[in-house]
Amino acid sequence: MGGERQADAIVVGAGLAGLVATYELTQAGKKVVVVDQENRNNLGGQAFWSLGGLFLVDSPEQRRLGIKDSPELALQDWMGSAGFDREDEDFWPRQWASAYVDFAATEKRDYLHGLGLRFTPVVGWAERGGGFADGHGNSVPRFHLTWGTGPEVVRVFLEPVLEAEKKGLVEFRCRHRVDELVLSGNGAGSEGNDGPGDAAVIGVRGALLEDTDAERGVASSRTEVGEFEILAPAVIVTSGGIGHNHDMVRENWPVERLGPVPEHMIAGVPAYVDGRMLRITEAAGANLVNRDRMWHYTEGIHSWDPIWPDHAIRIIPGPSSLWLDANGNRLPAPNFPGFDTNSTMKAILDTGYDYSWFVLTGDIIAKEFALSGSEQNPDITGKSLKTAAKARLAKGAPDPVKAFMDHGIDFVVRDNLPDLVAGMNEIGRGGHIDLQSLERTLSARDTQVENGYAKDAQIMAMHNARNYLGDKVVRVAKPHRMLDPEHGPLIAVRLNILTRKTLGGLETNLDAQVMRPDGSGFDGLYAAGEVAGFGGGGVHGYNALEGTFLGGCIFSGRAAGRAVARL
């Protein structure tokens, strides 16, 4: 270990936010050391596994589909969804929210387009909301799917960073696990830091982990083989959230708002998303805010071909599946597929069970089921127009969905309702489905699809969705009676709680500089991405509008890189 400056900046974490910050720094000619506890196969981090959706406002893609959007409407939706209500902890998140919506309506598309990113022509309508104009949800479709999904979002930043590496501006130090931030005045290379005080961050130190050739996403060894210390005038923490650390998720779970802590959870992120740097940075004197705000999904299914431990896949549903609790009772409005994640979470957990059910037909699954993850969408990920057209327009479920129907432990596929109910009860975790009750529920629902009128709120939502050309063509099945065997088979899917995003985090100003508890800036310390709540310590507030996580990494990583480049 040495005591000399080794770079202009250290980036802790080689995920998307870290790559964006590094890209911006190298564009300014700065020398960067990127440290990460995983091997080089994992460059790009969690973003690589994502579907690649990005939130844009009043884009050419929207306008071509007749979608009328505006910065004013988007900001109304964002603020209504965020529900900011904390005077101190929401001070910077409010400002980040306004800045991010402005970015999404102005520079964002051109910035990404200039790097080579392209979008599919159909804009998705995610998180449709809780039923009020000024409340949670997207008023219009804003989910722009990247042509190439998550790997393509990673690529457009990684490639120029790798070019900068060839020029000597970037050094990746993989299998370097940061355990401590080095503070000025406490002796770089000394046995430890004496306390935060007014010290600046001047570096990082930690453990060298044994080499591994493990493939991307696979849990790796934590065997220590040495120590390291790296010094630089600025450190940017981009280490992600707590999604695979279920102990931390449970510790911070907001019971009053989301319901009882689920006993059974599956992980929508790899094992390295462990939240360690949140505690390490807080211990150095940083302000950690809104730690009870988190974003997990209710539509999780166990991967039949897992990559990481407890590997979960999220179903991204259209609006037609019937959503039932563990005992077969229909969830109340607005808890329909794709509408209000947190409201649905509480409705499920308040029943005393940590799972629920989709009941649907073969026609619905063929048109409406999409699976999160780049690996679950090989046609879009591979950027093959021919394969994508064939897969999306073919009859029957797409191949990745069909694989879950055949192999997934959460799927029950039967030709008649009695057999379906028997299968549901075989895999239920404590709840019980009554055949006669479910038959009455389905029959009552079916009476609402005989004509264009309905009093059933979900049926009305389905009609509303089909008024949007993008949904009608590729996303929402034509309304039909579920008990009509012509539309079979009948399908039930056991839905589990899937852990994913940390919405709170390190408080940062608009330059991504980390703040101290007294409101002052922390010299030499910056943060971006999920570890900073995607900006400010919680840019989303209590709810996310989707397509905003990757974008939050890009926007905050860009801010951090540009701010440090100005030092």
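Residues are numbered from 1 along each chain as its sequence is written. In this predicted model local features need pLDDT of at least 70 and side-chain atom pairs count only at pLDDT 80 or more, while totals for chains, interfaces and linings use all residues; side-chain values use heavy atoms, without hydrogens and water.

**View 1. An open sheet of three strands, β3-β5-β4.** The strands line up in the order β3-β5-β4, with antiparallel pairing. Strands are DSSP runs of E, at least two residues, numbered from the N terminus. Two strands pair if DSSP finds at least two bridges between them. β3 (53-55) and β4 (119-124) are the edge strands, and each pairs on one side only. From one strand to the next, the twist averages 35°. β4 and β5 (residues 143-146) run antiparallel and are joined by three bridges. G124 stands opposite F143 in β5.

**View 2. Helix α1 packs with helix α6.** Helices are DSSP runs of H or I, at least four residues. α1 spans residues 16-27 and α6 spans residues 149-166. Their axes lie 9 Å apart, at an angle of about 45°. Axes are lines fitted to C-alpha atoms over the stretch in contact, and angles run from 0 to 180 degrees between N-to-C directions. The two helices α1 and α6 are therefore oblique (under 35 degrees is roughly parallel, over 145 roughly antiparallel, 65 to 115 roughly perpendicular, the rest oblique). The α1 and α6 crossing is left-handed (the near helix is turned anticlockwise from the far one by less than a right angle; clockwise is right-handed). From α1, L16, L19, V20, T22, Y23 and T26 meet V153, V154, F157, L158, P160, V161 and A164 of α6. This contact of α1 with α6 has eleven nonpolar, two polar and no charged residues (Ala, Val, Leu, Ile, Met, Phe, Trp, Tyr, Cys and Pro are nonpolar; Asp, Glu, Lys and Arg charged; the others, Gly among them, polar).

**View 3. Helix α15 packs with helix α16.** α15 (residues 417-427) and α16 (residues 435-446) pack at about 120°, with axes 10 Å apart. α15 and α16 are therefore oblique to each other. α15 passes α16 in a right-handed crossing. L417, P418, V421 and M424 of α15 meet L435, L438, E439 and L442 of α16. By class, the contact of α15 with α16 has seven nonpolar, no polar and one charged residues.

**View 4. Residues 187-195, with pLDDT under 50.** pLDDT is the predictor's confidence in each residue, from 0 to 100. It stays under 50 over residues 187-195. The model has 21 contacts beyond four places in sequence for residues 187-195 (contact: heavy atoms within 4.5 Å). Where pLDDT is low, predicted coordinates should not be read in detail. The mean pLDDT of the protein is 95, and 96% of its residues reach 70 or more.
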